[in-house]
Protein chains: 2
Amino acid sequence: MAEVFTLHEDPRSGNCYKIRLTAALLGLPLALRRYDIMAGETRTPEFLTGVNANGRIPVLQIGTGKTARYLPESNAACWYLAEGSALIPADRFARADMLRWMFFEQYNHEPNIATLRFWLHFIGEANLSEAQRAQIMPKRIAGQEALGLMDRHLETRDWFVGDGITLADIVLYAYTHVAEAGGFAIGDFTHISAWLHRVASIEGYQSMD
Amino acid sequence: MAEVFTLHEDPRSGNCYKIRLTAALLGLPLALRRYDIMAGETRTPEFLTGVNANGRIPVLQIGTGKTARYLPESNAACWYLAEGSALIPADRFARADMLRWMFFEQYNHEPNIATLRFWLHFIGEANLSEAQRAQIMPKRIAGQEALGLMDRHLETRDWFVGDGITLADIVLYAYTHVAEAGGFAIGDFTHISAWLHRVASIEGYQSMD
(Lines give C-alpha, C1' and ligand atoms only; values in the text may rest on other atoms or scores of the structure.)
Protein backbone atom coordinates (compact mmCIF):
# COMPACT_ATOMS: atom_id res chain seq x y z
CA MET A 1 0.00 0.00 0.00
CA ALA A 2 1.33 3.43 -0.90
CA GLU A 3 2.28 5.65 2.02
CA VAL A 4 0.23 8.78 2.64
CA PHE A 5 2.38 11.90 2.78
CA THR A 6 1.37 15.18 4.39
CA LEU A 7 3.62 18.22 4.29
CA HIS A 8 3.40 20.67 7.19
CA GLU A 9 4.53 23.85 5.49
CA ASP A 10 4.47 27.57 4.82
CA PRO A 11 4.17 28.10 1.04
CA ARG A 12 6.61 31.06 1.16
CA SER A 13 9.40 28.85 2.48
CA GLY A 14 11.98 27.52 0.03
CA ASN A 15 12.71 24.68 2.45
CA CYS A 16 9.09 23.55 2.06
CA TYR A 17 9.21 24.03 -1.71
CA LYS A 18 12.13 21.59 -1.99
CA ILE A 19 9.92 18.81 -0.71
CA ARG A 20 7.01 19.75 -2.98
CA LEU A 21 9.35 19.82 -5.98
CA THR A 22 10.86 16.44 -5.07
CA ALA A 23 7.38 14.91 -4.72
CA ALA A 24 6.28 16.48 -8.02
CA LEU A 25 9.29 15.09 -9.90
CA LEU A 26 8.60 11.67 -8.41
CA GLY A 27 4.86 11.88 -9.12
CA LEU A 28 4.02 11.39 -5.43
CA PRO A 29 0.82 12.93 -4.05
CA LEU A 30 1.41 15.23 -1.10
CA ALA A 31 -1.33 16.63 1.13
CA LEU A 32 -0.55 20.13 2.40
CA ARG A 33 -1.17 21.48 5.89
CA ARG A 34 -0.41 25.19 5.95
CA TYR A 35 0.99 27.35 8.75
CA ASP A 36 1.82 31.03 8.95
CA ILE A 37 5.30 31.18 10.46
CA MET A 38 5.06 34.99 10.76
CA ALA A 39 2.06 34.46 13.10
CA GLY A 40 3.94 31.92 15.24
CA GLU A 41 1.77 29.01 14.18
CA THR A 42 4.70 26.57 14.44
CA ARG A 43 5.43 27.51 18.06
CA THR A 44 2.09 26.49 19.56
CA PRO A 45 2.04 23.72 22.20
CA GLU A 46 0.11 21.48 19.77
CA PHE A 47 2.74 21.89 17.06
CA LEU A 48 5.69 21.45 19.44
CA THR A 49 4.21 18.32 21.01
CA GLY A 50 2.60 16.72 17.97
CA VAL A 51 4.66 17.71 14.95
CA ASN A 52 8.13 19.10 15.69
CA ALA A 53 9.68 19.91 19.08
CA ASN A 54 12.08 22.21 17.18
CA GLY A 55 9.17 24.53 16.25
CA ARG A 56 10.04 24.64 12.58
CA ILE A 57 8.53 23.71 9.26
CA PRO A 58 8.77 21.87 6.96
CA VAL A 59 7.90 18.56 8.53
CA LEU A 60 7.04 15.56 6.38
CA GLN A 61 4.32 13.45 7.96
CA ILE A 62 4.30 9.82 6.89
CA GLY A 63 1.03 8.01 7.49
CA THR A 64 -1.94 9.27 9.47
CA GLY A 65 -3.47 9.00 12.92
CA LYS A 66 -1.70 7.33 15.81
CA THR A 67 0.88 5.56 13.66
CA ALA A 68 1.93 8.71 11.82
CA ARG A 69 5.64 9.52 11.87
CA TYR A 70 7.11 12.99 11.55
CA LEU A 71 10.32 13.92 9.76
CA PRO A 72 11.69 17.45 10.23
CA GLU A 73 14.56 18.98 8.21
CA SER A 74 13.81 19.66 4.58
CA ASN A 75 16.78 17.79 3.14
CA ALA A 76 16.07 14.66 5.20
CA ALA A 77 12.46 14.74 3.98
CA CYS A 78 13.63 14.99 0.35
CA TRP A 79 15.94 12.03 0.97
CA TYR A 80 13.08 9.95 2.39
CA LEU A 81 10.84 10.60 -0.60
CA ALA A 82 13.57 10.00 -3.18
CA GLU A 83 15.12 6.78 -1.85
CA GLY A 84 15.25 4.20 -4.60
CA SER A 85 14.72 6.76 -7.38
CA ALA A 86 17.14 8.30 -9.89
CA LEU A 87 17.13 11.52 -7.81
CA ILE A 88 19.68 9.75 -5.57
CA PRO A 89 22.70 8.42 -7.50
CA ALA A 90 23.38 4.69 -7.34
CA ASP A 91 27.14 5.17 -7.21
CA ARG A 92 28.55 5.34 -3.68
CA PHE A 93 30.84 8.33 -4.22
CA ALA A 94 28.21 10.25 -6.19
CA ARG A 95 25.67 9.62 -3.42
CA ALA A 96 28.02 11.02 -0.76
CA ASP A 97 28.93 13.88 -3.10
CA MET A 98 25.23 14.71 -3.43
CA LEU A 99 24.96 14.81 0.37
CA ARG A 100 28.02 17.07 0.34
CA TRP A 101 26.10 19.68 -1.65
CA MET A 102 23.02 19.21 0.54
CA PHE A 103 25.07 19.93 3.68
CA PHE A 104 26.71 22.86 1.89
CA GLU A 105 23.20 24.14 1.17
CA GLN A 106 22.21 24.10 4.83
CA TYR A 107 25.51 25.51 6.08
CA ASN A 108 26.80 27.99 3.49
CA HIS A 109 23.78 28.80 1.36
CA GLU A 110 20.48 28.82 3.27
CA PRO A 111 21.62 30.78 6.36
CA ASN A 112 22.80 33.60 4.08
CA ILE A 113 20.65 33.58 0.96
CA ALA A 114 17.35 32.43 2.48
CA THR A 115 17.79 34.52 5.61
CA LEU A 116 18.39 37.77 3.69
CA ARG A 117 15.29 37.05 1.59
CA PHE A 118 13.28 36.50 4.77
CA TRP A 119 14.65 39.61 6.49
CA LEU A 120 14.54 42.03 3.55
CA HIS A 121 11.54 40.75 1.62
CA PHE A 122 9.18 39.48 4.34
CA ILE A 123 10.15 41.22 7.61
CA GLY A 124 11.51 44.45 6.13
CA GLU A 125 14.84 46.08 6.96
CA ALA A 126 13.21 48.72 9.19
CA ASN A 127 11.83 46.01 11.48
CA LEU A 128 15.11 44.14 12.03
CA SER A 129 16.93 44.09 15.37
CA GLU A 130 20.37 45.68 15.80
CA ALA A 131 21.99 42.22 15.87
CA GLN A 132 20.21 41.27 12.65
CA ARG A 133 21.20 44.51 10.93
CA ALA A 134 24.84 43.87 11.84
CA GLN A 135 24.53 40.55 10.03
CA ILE A 136 23.32 41.88 6.68
CA MET A 137 26.78 42.60 5.30
CA PRO A 138 28.48 39.37 6.55
CA LYS A 139 25.55 37.37 5.14
CA ARG A 140 25.71 39.28 1.86
CA ILE A 141 29.41 38.43 1.51
CA ALA A 142 28.99 34.78 2.53
CA GLY A 143 26.00 34.40 0.19
CA GLN A 144 28.01 35.82 -2.72
CA GLU A 145 30.79 33.35 -1.92
CA ALA A 146 28.35 30.43 -1.94
CA LEU A 147 26.91 31.55 -5.28
CA GLY A 148 30.42 32.04 -6.68
CA LEU A 149 31.37 28.50 -5.70
CA MET A 150 28.22 27.12 -7.33
CA ASP A 151 28.81 29.14 -10.50
CA ARG A 152 32.38 27.88 -10.88
CA HIS A 153 31.23 24.31 -10.24
CA LEU A 154 28.57 24.60 -12.98
CA GLU A 155 31.07 26.04 -15.46
CA THR A 156 31.99 22.54 -16.63
CA ARG A 157 28.84 20.55 -15.87
CA ASP A 158 25.07 20.66 -16.27
CA TRP A 159 24.15 19.25 -12.83
CA PHE A 160 25.80 19.34 -9.42
CA VAL A 161 26.53 15.61 -9.34
CA GLY A 162 26.77 13.21 -12.27
CA ASP A 163 24.85 13.49 -15.52
CA GLY A 164 21.31 14.18 -14.36
CA ILE A 165 19.25 16.04 -11.82
CA THR A 166 19.61 14.86 -8.22
CA LEU A 167 18.47 16.12 -4.83
CA ALA A 168 21.56 18.35 -4.79
CA ASP A 169 20.08 20.39 -7.65
CA ILE A 170 16.61 20.45 -6.13
CA VAL A 171 17.65 21.68 -2.70
CA LEU A 172 20.04 24.30 -4.09
CA TYR A 173 17.45 25.47 -6.61
CA ALA A 174 14.83 26.29 -3.97
CA TYR A 175 16.42 29.45 -2.56
CA THR A 176 18.72 30.26 -5.47
CA HIS A 177 15.86 30.88 -7.89
CA VAL A 178 14.30 33.45 -5.53
CA ALA A 179 17.59 34.97 -4.32
CA GLU A 180 16.83 38.31 -6.02
CA ALA A 181 14.32 38.92 -3.20
CA GLY A 182 17.30 38.94 -0.82
CA GLY A 183 19.22 41.36 -3.01
CA PHE A 184 21.44 38.88 -4.86
CA ALA A 185 21.98 39.61 -8.56
CA ILE A 186 21.60 36.10 -9.90
CA GLY A 187 21.85 37.33 -13.49
CA ASP A 188 25.53 38.06 -12.82
CA PHE A 189 26.12 34.32 -12.41
CA THR A 190 25.99 32.99 -15.96
CA HIS A 191 26.31 29.30 -15.20
CA ILE A 192 23.82 29.42 -12.34
CA SER A 193 21.35 31.20 -14.62
CA ALA A 194 21.64 28.49 -17.27
CA TRP A 195 21.25 25.79 -14.61
CA LEU A 196 18.13 27.45 -13.15
CA HIS A 197 16.61 27.32 -16.62
CA ARG A 198 17.64 23.66 -16.94
CA VAL A 199 15.93 22.71 -13.65
CA ALA A 200 12.75 24.58 -14.59
CA SER A 201 12.64 22.67 -17.89
CA ILE A 202 12.66 19.21 -16.31
CA GLU A 203 9.58 17.07 -16.92
CA GLY A 204 7.25 17.23 -13.94
CA TYR A 205 8.67 20.56 -12.72
CA GLN A 206 6.38 22.53 -10.43
CA SER A 207 6.88 26.20 -9.66
CA MET A 208 7.02 27.57 -6.10
CA ASP A 209 3.61 29.26 -6.10
CA MET B 1 41.27 -3.86 -2.84
CA ALA B 2 40.62 -1.64 0.15
CA GLU B 3 40.38 2.06 -0.57
CA VAL B 4 43.07 4.35 0.83
CA PHE B 5 41.61 7.20 2.89
CA THR B 6 43.39 10.45 3.71
CA LEU B 7 41.82 13.09 5.91
CA HIS B 8 42.78 16.70 5.26
CA GLU B 9 42.21 18.18 8.68
CA ASP B 10 42.98 20.48 11.58
CA PRO B 11 43.09 18.39 14.78
CA ARG B 12 41.33 21.13 16.79
CA SER B 13 38.24 20.94 14.56
CA GLY B 14 35.27 18.92 15.77
CA ASN B 15 34.14 18.53 12.17
CA CYS B 16 37.42 16.70 11.46
CA TYR B 17 37.14 14.65 14.65
CA LYS B 18 33.73 13.27 13.52
CA ILE B 19 35.42 11.58 10.59
CA ARG B 20 38.28 10.22 12.70
CA LEU B 21 35.78 8.83 15.22
CA THR B 22 33.68 7.25 12.46
CA ALA B 23 36.78 5.62 10.94
CA ALA B 24 37.93 4.42 14.37
CA LEU B 25 34.57 2.80 15.15
CA LEU B 26 34.65 1.10 11.75
CA GLY B 27 38.28 0.02 12.13
CA LEU B 28 39.27 1.86 8.94
CA PRO B 29 42.82 3.21 8.63
CA LEU B 30 42.94 6.94 7.92
CA ALA B 31 46.07 8.84 6.91
CA LEU B 32 46.14 12.39 8.26
CA ARG B 33 47.31 15.51 6.44
CA ARG B 34 47.31 18.45 8.84
CA TYR B 35 46.62 22.11 8.18
CA ASP B 36 46.61 25.14 10.46
CA ILE B 37 43.35 26.96 9.67
CA MET B 38 44.42 29.90 11.87
CA ALA B 39 47.38 30.40 9.53
CA GLY B 40 45.20 30.29 6.40
CA GLU B 41 46.63 27.00 5.16
CA THR B 42 43.27 25.98 3.64
CA ARG B 43 43.06 29.17 1.55
CA THR B 44 46.21 28.68 -0.51
CA PRO B 45 45.88 28.33 -4.32
CA GLU B 46 47.12 24.73 -4.05
CA PHE B 47 44.43 23.81 -1.55
CA LEU B 48 41.64 25.63 -3.41
CA THR B 49 42.57 24.02 -6.73
CA GLY B 50 43.58 20.56 -5.59
CA VAL B 51 41.52 19.78 -2.47
CA ASN B 52 38.48 22.00 -1.88
CA ALA B 53 37.40 25.10 -3.80
CA ASN B 54 35.39 26.07 -0.69
CA GLY B 55 38.64 26.58 1.27
CA ARG B 56 37.54 24.48 4.22
CA ILE B 57 38.55 21.35 6.04
CA PRO B 58 37.76 18.55 6.62
CA VAL B 59 38.05 16.93 3.22
CA LEU B 60 38.11 13.17 2.87
CA GLN B 61 40.44 12.07 0.10
CA ILE B 62 39.64 8.69 -1.43
CA GLY B 63 42.49 7.08 -3.30
CA THR B 64 45.81 8.66 -4.23
CA GLY B 65 47.51 10.38 -7.14
CA LYS B 66 45.66 11.36 -10.29
CA THR B 67 42.61 9.20 -9.60
CA ALA B 68 42.09 10.58 -6.07
CA ARG B 69 38.64 11.96 -5.32
CA TYR B 70 37.89 14.61 -2.72
CA LEU B 71 34.83 14.80 -0.51
CA PRO B 72 34.25 18.01 1.50
CA GLU B 73 31.61 18.43 4.27
CA SER B 74 32.20 16.42 7.41
CA ASN B 75 28.81 14.72 7.52
CA ALA B 76 29.01 13.61 3.88
CA ALA B 77 32.46 12.13 4.59
CA CYS B 78 31.09 10.23 7.61
CA TRP B 79 28.29 8.91 5.41
CA TYR B 80 30.73 7.71 2.76
CA LEU B 81 32.84 5.79 5.29
CA ALA B 82 29.86 4.26 7.07
CA GLU B 83 27.76 3.07 4.11
CA GLY B 84 26.91 -0.59 4.55
CA SER B 85 27.75 -0.60 8.27
CA ALA B 86 25.50 -0.57 11.35
CA LEU B 87 26.33 3.13 11.86
CA ILE B 88 23.65 3.81 9.21
CA PRO B 89 20.29 2.20 10.04
CA ALA B 90 18.88 -0.32 7.58
CA ASP B 91 15.31 0.92 8.07
CA ARG B 92 14.23 3.61 5.61
CA PHE B 93 12.58 5.93 8.12
CA ALA B 94 15.39 5.54 10.65
CA ARG B 95 17.95 6.33 7.94
CA ALA B 96 16.15 9.55 7.00
CA ASP B 97 15.68 10.36 10.69
CA MET B 98 19.43 9.99 11.18
CA LEU B 99 20.00 12.44 8.33
CA ARG B 100 17.46 14.73 10.04
CA TRP B 101 19.75 14.97 13.10
CA MET B 102 22.81 15.40 10.89
CA PHE B 103 21.20 18.37 9.12
CA PHE B 104 20.08 19.72 12.50
CA GLU B 105 23.70 19.47 13.60
CA GLN B 106 24.95 21.60 10.71
CA TYR B 107 22.11 24.12 10.91
CA ASN B 108 21.17 24.55 14.59
CA HIS B 109 24.13 23.16 16.50
CA GLU B 110 27.49 23.72 14.82
CA PRO B 111 27.03 27.39 13.80
CA ASN B 112 26.28 28.23 17.44
CA ILE B 113 28.14 25.77 19.63
CA ALA B 114 31.24 25.23 17.49
CA THR B 115 31.48 28.86 16.47
CA LEU B 116 31.41 30.15 20.07
CA ARG B 117 34.11 27.63 20.97
CA PHE B 118 36.21 28.85 18.04
CA TRP B 119 35.67 32.52 18.83
CA LEU B 120 36.03 32.42 22.62
CA HIS B 121 38.57 29.60 23.05
CA PHE B 122 40.80 29.93 19.98
CA ILE B 123 40.48 33.51 18.69
CA GLY B 124 39.69 35.23 21.99
CA GLU B 125 36.85 37.66 22.66
CA ALA B 126 39.16 40.70 22.52
CA ASN B 127 40.12 39.87 18.93
CA LEU B 128 36.58 39.54 17.56
CA SER B 129 35.07 42.02 15.11
CA GLU B 130 32.07 44.16 16.09
CA ALA B 131 29.78 42.02 13.92
CA GLN B 132 31.06 38.86 15.62
CA ARG B 133 30.64 40.35 19.09
CA ALA B 134 27.01 41.23 18.27
CA GLN B 135 26.49 37.55 17.48
CA ILE B 136 27.70 36.12 20.79
CA MET B 137 24.35 36.47 22.59
CA PRO B 138 22.14 35.25 19.69
CA LYS B 139 24.46 32.26 19.24
CA ARG B 140 24.45 31.59 22.99
CA ILE B 141 20.63 31.51 22.99
CA ALA B 142 20.37 29.38 19.83
CA GLY B 143 23.02 26.99 21.14
CA GLN B 144 21.14 26.57 24.43
CA GLU B 145 17.97 25.85 22.45
CA ALA B 146 19.75 23.18 20.40
CA LEU B 147 21.12 21.56 23.56
CA GLY B 148 17.69 21.73 25.20
CA LEU B 149 16.11 19.95 22.26
CA MET B 150 18.79 17.24 22.37
CA ASP B 151 18.38 16.82 26.12
CA ARG B 152 14.61 16.37 25.89
CA HIS B 153 15.04 13.92 23.02
CA LEU B 154 17.48 11.83 25.08
CA GLU B 155 15.18 11.79 28.09
CA THR B 156 13.45 8.65 26.80
CA ARG B 157 16.17 7.01 24.72
CA ASP B 158 19.84 6.07 24.78
CA TRP B 159 20.70 7.05 21.20
CA PHE B 160 19.37 9.66 18.79
CA VAL B 161 17.90 7.11 16.37
CA GLY B 162 16.95 3.50 17.08
CA ASP B 163 18.63 1.23 19.59
CA GLY B 164 22.31 1.75 18.87
CA ILE B 165 24.90 4.33 17.98
CA THR B 166 24.59 5.86 14.50
CA LEU B 167 26.21 8.72 12.65
CA ALA B 168 23.66 11.03 14.29
CA ASP B 169 25.30 10.39 17.66
CA ILE B 170 28.83 10.70 16.29
CA VAL B 171 28.33 14.03 14.53
CA LEU B 172 26.42 15.55 17.47
CA TYR B 173 29.00 14.26 19.93
CA ALA B 174 31.91 16.03 18.25
CA TYR B 175 31.13 19.60 19.33
CA THR B 176 28.83 18.78 22.26
CA HIS B 177 31.57 17.09 24.27
CA VAL B 178 33.81 20.19 24.01
CA ALA B 179 31.00 22.76 24.30
CA GLU B 180 32.30 23.97 27.69
CA ALA B 181 35.08 25.73 25.76
CA GLY B 182 32.38 27.89 24.18
CA GLY B 183 30.82 28.66 27.56
CA PHE B 184 28.01 26.10 27.53
CA ALA B 185 27.36 24.38 30.87
CA ILE B 186 26.91 20.82 29.60
CA GLY B 187 26.65 19.49 33.15
CA ASP B 188 23.25 21.22 33.38
CA PHE B 189 21.92 18.85 30.71
CA THR B 190 21.51 15.55 32.55
CA HIS B 191 20.49 13.39 29.61
CA ILE B 192 23.16 14.80 27.32
CA SER B 193 25.77 14.14 30.02
CA ALA B 194 24.73 10.49 30.32
CA TRP B 195 24.75 10.13 26.53
CA LEU B 196 28.25 11.67 26.25
CA HIS B 197 29.45 9.02 28.67
CA ARG B 198 27.67 6.33 26.65
CA VAL B 199 29.37 7.39 23.42
CA ALA B 200 32.79 7.51 25.08
CA SER B 201 32.27 3.96 26.38
CA ILE B 202 31.66 2.42 22.94
CA GLU B 203 34.17 -0.20 21.79
CA GLY B 204 36.68 1.36 19.43
CA TYR B 205 36.09 4.90 20.76
CA GLN B 206 38.90 7.34 20.12
CA SER B 207 39.24 10.66 21.91
CA MET B 208 39.64 13.98 20.09
CA ASP B 209 43.33 14.53 20.91
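Where in H5(B) does a kink lie, and before which proline? The answer belongs to a predicted model, in which local features need pLDDT of at least 70, side-chain atom pairs count only at pLDDT 80 or more, and totals for chains, interfaces and linings use all residues. Residues are numbered from 1 along each chain as its sequence is written, while chains are lettered from A and ligands numbered from 1 in the order in which they are written.

The kink, of about 35°, lies at Ile136(B), shortly before Pro138(B), where the bend at a residue is the angle between axes fitted to the seven residues ending there and the seven starting there. Helices (H or I, at least four residues) and strands (E, at least two) are DSSP runs, numbered from the N terminus. Helix H5 of chain B covers residues 130–154, and because its 25 residues should span 36 Å at 1.5 Å a residue, the 37 Å between its end C-alpha atoms agrees with that expectation, the expected span being 1.5 Å times one less than the number of residues.

The buried residues of H5(B) are Gln135(B), Lys139(B), Gly143(B), Ala146(B), Leu147(B), Met150(B) and Leu154(B). Their cover includes helix H5 (130–153) of chain A, together with H4 (92–123), H6 (167–176) and H7 (190–200) of chain B.

That cover leads to the meeting of the two chains. In all, 29 residues of chain B are in contact with 29 residues of chain A, contact meaning that the C-beta atoms of two residues, placed from the backbone, lie within 7 Å. On the side of chain B that touches chain A, the elements giving two or more residues are strand S4 (69–72), helix H3 (74–82), H4 and H5 of chain B, and the largest share, eleven residues, comes from H4(B). This side divides into 18 nonpolar, four polar and seven charged residues, where Ala, Val, Leu, Ile, Met, Phe, Trp, Tyr, Cys and Pro count as nonpolar, Asp, Glu, Lys and Arg as charged, and the others, Gly among them, as polar. Since 100% of the interface residues of chain B are also interface residues in chain A, the copies meet through the same surface.

A rotation of 180° with 0.0 Å of shift along its axis superposes chain B on chain A, with an RMSD of 0.0 Å. That is the relation of a two-fold axis, and the superposition is by least squares on the C-alpha atoms of residues with pLDDT of at least 70 in both copies. Of the residues of chain B, Tyr107(B) comes closest to the rotation axis, its C-alpha lying at 3.0 Å.

Within chain A, an automatic or database domain assignment gives the bounds of domain 1 (5–82) and domain 2 (92–200). Their centres, taken over C-alpha atoms, are separated by 21 Å, and their contact takes twelve residues from domain 1 and ten residues from domain 2.

Two local features of the backbone remain. The peptide bond from Ile57(A) to Pro58(A) is cis, with omega near 5°, and Pro58(A) is found in the loop between H2 (45–50) and S3 (59–62) of chain A. Glu73(A), in the loop between S4 (69–72) and H3 of chain A, has a positive phi near 75° although it is a residue other than glycine, and it counts as buried because it has 27 C-beta neighbours inside 10 Å.

Methods:
A residue is buried if 20 or more other C-beta atoms lie within 10 Å of its own, exposed if 12 or fewer, and partly exposed in between; C-beta atoms are placed from the backbone.
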